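Open the model in your viewer and keep the selection tool at hand. We will go from the whole chain down to single residues.

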Amino acid sequence: MKLMLISPNWKWCEEDKNVDYPFPPYNLCLLAAIVRDQKICEDIKVLDAFVGDMSLSDVKSAIEEFKPDVVGTTVLMDQLCDAGHMITKITKEVNSETITIMGGVYATMNPKRAAEDLNLDYVVVGEGEYIFPHMLKYFKGEEKELPLKGIMYRKDGNIVFNGRSDFVTDMDSLPIPAWDLIDFPAYSDHVARQFSPDSPRDLPYVRLYTSRGCPFTCSFCQVPKIAGHTVRRQSAKRVLDELEFITKTFGIKSFMNSDDNFLATSKDNLKEFLLGLRDRKLGLTWIFEDVGVMHLTKEKIDWLP
């Protein structure tokens with residue numbers, strides 16, 4: 001089975017052509033790593049149409065050349081949803097038998113809208129790390145049934161949906177994303193806003209996502225609805241091991257943590273991570289991108305390397 005995971009070019013549908021999201025496709029690379037570790041697919045390709053500023057015809061040509069059995073795509077937000085549906089459309093134009101799957105925030109929050117696309121075979125609703133490999137095994141005939149929860153699809157003219165997927169509870173079980181499947185320097189060697197206070201301190205850099213969920217109920221934010229109110233975190237050792245691996249593999253000089261509430265982590269875990277940065281002597285500068293300063297204390301400041 002050949003799997004192609006595509007991040008659309010948001011400029012296809014964004015009115016503001018200055019939109020710039022130079023973030024590596026973390027979710028697609030994570031799914032690729034899981035599928036590869038489980039030896040489900042013989043050939044996996046991750047294609048980021050945005051970072052390459054690819055046209056629809058460019059992506060269509062890439063699909064024609066790769067000849068995938070399954071195409072998965074992701075959409076970050078509702079206002080960019082058309083770009084995701086453009087991927088399913090050109091996929092079916094290349095080969096109507098290719099299975100199309102969409103996940104991400106848009107698919108999770110508006111699955112019925114996504115499912116109106118007749119070129120889209122399956123919508124993943126919720127976190128896909130357990131669901132996606134199960135689906136691929138079903139397509140290969142290695143599973144007798146589709147996942148009971150977490151997907152929306154059409155059957156005999158009716159929509160089938162039995163609820164969103166379960167949350168990943170063991171965050172340490174998630175592998176390091178398959179960064180080798182993308183052009184890593186295309187993301188790590190530059191930033192969109194060089195002089196912004198939330199830009200990395202040194203290049204090249206990596207953006208880390210080490211937890212999910214938020215205990216707060218801010219009126220403007222969807223995170224609790226997307227990822228739940230219970231905060232699920234990777235252990236300090238797991239994060240430090242990943243940082244050490246990326247540093248040795250790609251030569252990064254800094255990292256950004258994009259967790260919503262990193263400083264609200266358990267006191268012991270935070271202390272182990274901050275002191276571990278110092279002990280491992282990785283020589284990295286860093287920034288916590290989204291941090292509630294109400295959690296910052298003098299004791300925590302003293303732990304900073």
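## The whole chain

Among contacts in the chain between residues at least 6 apart in sequence, 73% link residues at least 24 apart. Keep in mind that this is a predicted model. Colour by secondary structure: the chain has 11 helices and 12 strands. Its radius of gyration is 20 Å, close to the 19 Å that the globule rule gives for 305 residues, so the chain is as compact as a globular protein of that length. Turn the C-alpha trace along its principal axes. The trace spans about 60 × 40 × 35 Å.

The accessible surface of the chain comes to about 15000 Å². Carbon and sulfur atoms account for 51% of that area. How many of the residues count as buried? Of the 305 residues, 51% do.

## Stop 1: helix α9

Select residues 236-250. This is helix α9, with 15 residues. At 1.5 Å a residue, α9 should span 21 Å; its end C-alpha atoms are 21 Å apart, which agrees.

Which residues of α9 are buried? Select Ala236, Arg238, Val239, Leu240, Glu242, Leu243, Ile246 and Thr247: these are buried.

Step past the end of the helix. Glycine 251 follows α9, and its phi is positive, near 70 degrees.

## Stop 2

A search of the whole structure finds 17 salt bridges. Two of them can be viewed here, starting with lysine 237 and aspartate 241.

Show these two side chains. They meet in a salt bridge, 2.7 Å from N to O. Both residues lie in α9, 4 residues apart, about one turn of the helix. Are they buried or exposed, or in between? Lysine 237 is partly exposed, at 48% relative accessible area. Aspartate 241 is also partly exposed, at 30%.

Next, select arginine 238 and glutamate 242. They form a salt bridge, with the closest N and O atoms 2.5 Å apart. This pair, too, is 4 residues apart in α9, or about one helical turn. Here both partners are under the 20% cut-off for buried. Arginine 238 has a relative accessible area of 11%, so it counts as buried. Glutamate 242 is buried as well, at 8%.

## Stop 3: a bridge across the sequence

Select arginine 232 and glutamate 127. They form a salt bridge, the closest N and O atoms being 2.9 Å apart. Arginine 232 lies in strand β10 (residues 232-233), and glutamate 127 lies in the loop between β5 (122-124) and α6 (131-140), so the pair ties together parts that are 105 residues apart in sequence.

Check the burial of each. Arginine 232 counts as buried, at 7% relative accessibility. Glutamate 127 counts as buried too, at 10%.

Move to glycine 126, in the loop between β5 and α6. At 12% relative accessibility, glycine 126 counts as buried. What does glycine 126 touch, not counting residues up to four places away in sequence? Select Thr108, Arg164 and Ser165 to see its contacts. Then draw a distance from glycine 126 to leucine 148. They are 22 residues apart in sequence and 13 Å apart in space, C-alpha to C-alpha.

## Stop 4: helix α6

Follow the chain into α6. Its buried residues include Ile131, Phe132, Pro133, Met135, Leu136 and Phe139. Show what covers them. Among the covering elements are β1 (2-7), α1 (26-37), β3 (70-74), β4 (99-103), β5 and β6 (151-155).

Glycine 141 follows α6. Its phi is positive, near 85 degrees.

## Stop 5: a patch on the surface

Bring the surface back and select Val293, Leu296, Ile301 and Leu304. They form a nonpolar patch on the surface, with about 340 Å² of accessible area together.

Finish on leucine 304. This residue is found in the segment after α11 (298-303). Leucine 304 is partly exposed, with a relative accessible area of 31%.

Terms used:
Residues are numbered from 1 along each chain as its sequence is written. This is a predicted model: local features need pLDDT of at least 70, side-chain atom pairs count only at pLDDT 80 or more; totals for chains, interfaces and linings use all residues. Side-chain values use heavy atoms; hydrogens and water are left out. Patches are made of residues with over 30% relative accessible area and no salt bridge: like charges are joined within 9 Å, nonpolar side chains (Val, Leu, Ile, Met, Phe, Trp, Tyr) within 5 Å. Accessible areas come from the Shrake-Rupley method with a 1.4 Å probe; for residues, only the protein chains shown count as cover. A salt bridge is a side-chain nitrogen of Lys or Arg within 4 Å of a carboxyl oxygen of Asp or Glu. Helices (H or I, at least four residues) and strands (E, at least two) are DSSP runs, numbered from the N terminus. Buried means under 20% relative accessible area, exposed over 50%, partly exposed in between (1.4 Å probe, protein chains only). The radius of gyration is taken over C-alpha atoms; the globule rule is 2.2 Å times the number of residues to the power 0.38. Contact means heavy atoms within 4.5 Å. The expected span of a helix is 1.5 Å times one less than its number of residues.
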